[in-house]
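Student: Could you take me through one part of this protein at close range? I would like to see what surrounds it.

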Amino acid sequence: MPPDSDPRLTPLQRFGHELARCRKELGLSQARLSERLGCSPSLIGHIETASRNPQLDFAEACDRIFNLPTSDYFVRLWRRTRQSPTGPGWFIRWLDEIEPHATVLRAWAPSVIPGLLQTEAYARAIFLGHFSTPEAEVEDQVNSRMERQQILHREKPPELWVLIDEWVLKRPIGNARIMHEQLRHLATVARCRYATVQVVPYDTPCTDGLLSAFVIAELPDAPTTVSVDSAGRGEVSADHELVSLIWDRYDRLRAEAFRPGESLRRIEEAAEQWKPKS
């Protein structure tokens, strides 16, 4: 995805945005492009402003004319405009099809450290605390969580923007040794170039974060998708209204957060407080 493309665009707006971007990069007016595509200039204008739906043959013609590195780029964008963001095609498995392909992940954690940043011992303590989970399945869940973290060890990991409630640093998960190890690990991640970790003060007047944890995933060739926790199964969706709502909550929480340097200091201080006495 081009760096100047707003990840909050709807699929139709995204198609129009990319059409206008590619047209301008070739130095073409809407009239000149319409001649090459065999359509009216007004159609180009309507598609660029997302007031008309493109057709498949239009997308195929765009791919031929713009000759992009991804040969079916506009066809893939067109397919996104035809899919319902709340239908079965979008309730796909987050761990298999969203998180591994995200270029940017923005997370809010009001109760525990996010799964991608958990140590093995911390994750095990969380799963052991789920009394509905048979102990025989705990290790499988821990191993699965650790495997997820492989995306952070790639040559080009996703950008991480993580907001953590200050109470998470104080909430005992497991024992003091587990907490000390976890917060030291969190501090290490916070120093990485790909990650920005910020602590949201426990006394913030912003109550948007009390509702649930969530993650916003920006993808290279698909609409921005969110994963929202709940007491039940949670929800994964690319519905534009829901994505905009969650992003607004993220922005409000981040406005209340400590700066990254101050957040790191608080994480390190909390780690020292959890350090075992012996």
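Tutor: A59 is found in helix α4, where helices are DSSP runs of H or I with at least four residues, numbered from the N terminus. This is a predicted model, in which local features need pLDDT of at least 70, side-chain atom pairs count only at pLDDT 80 or more, and totals for chains, interfaces and linings use all residues. Residues are numbered from 1 along each chain as its sequence is written, and side-chain values use heavy atoms, leaving out hydrogens and water.

With a relative accessible area of 0%, A59 is buried (under 20%, using a 1.4 Å probe and protein chains only). Setting aside neighbours within four places in sequence, A59 is in contact with F15, F74, V75 and W78; contact means heavy atoms within 4.5 Å. V75 lies 16 residues from A59 in sequence, yet their C-alpha atoms are 5.1 Å apart.

Now to the helix pair. The axes of α4 (residues 56-66) and α5 (residues 73-82) come within 7 Å and cross at roughly 155°; axes are lines fitted to C-alpha atoms over the stretch in contact, with angles from 0 to 180 degrees between N-to-C directions. The two helices are therefore roughly antiparallel, a label for angles over 145 degrees. On the α4 side, the contact is made by L56, A59, E60, C62, D63 and F66, and on the α5 side by Y73, F74, V75 and W78.

As for confidence, the protein has a mean pLDDT of 87, and 91% of its residues reach 70 or more; pLDDT is the predictor's confidence in each residue, from 0 to 100.

Methods. Angles under 35 degrees count as roughly parallel, over 145 as roughly antiparallel, 65 to 115 as roughly perpendicular and the rest as oblique. Buried means under 20% relative accessible area, exposed over 50%, partly exposed in between (1.4 Å probe, protein chains only).
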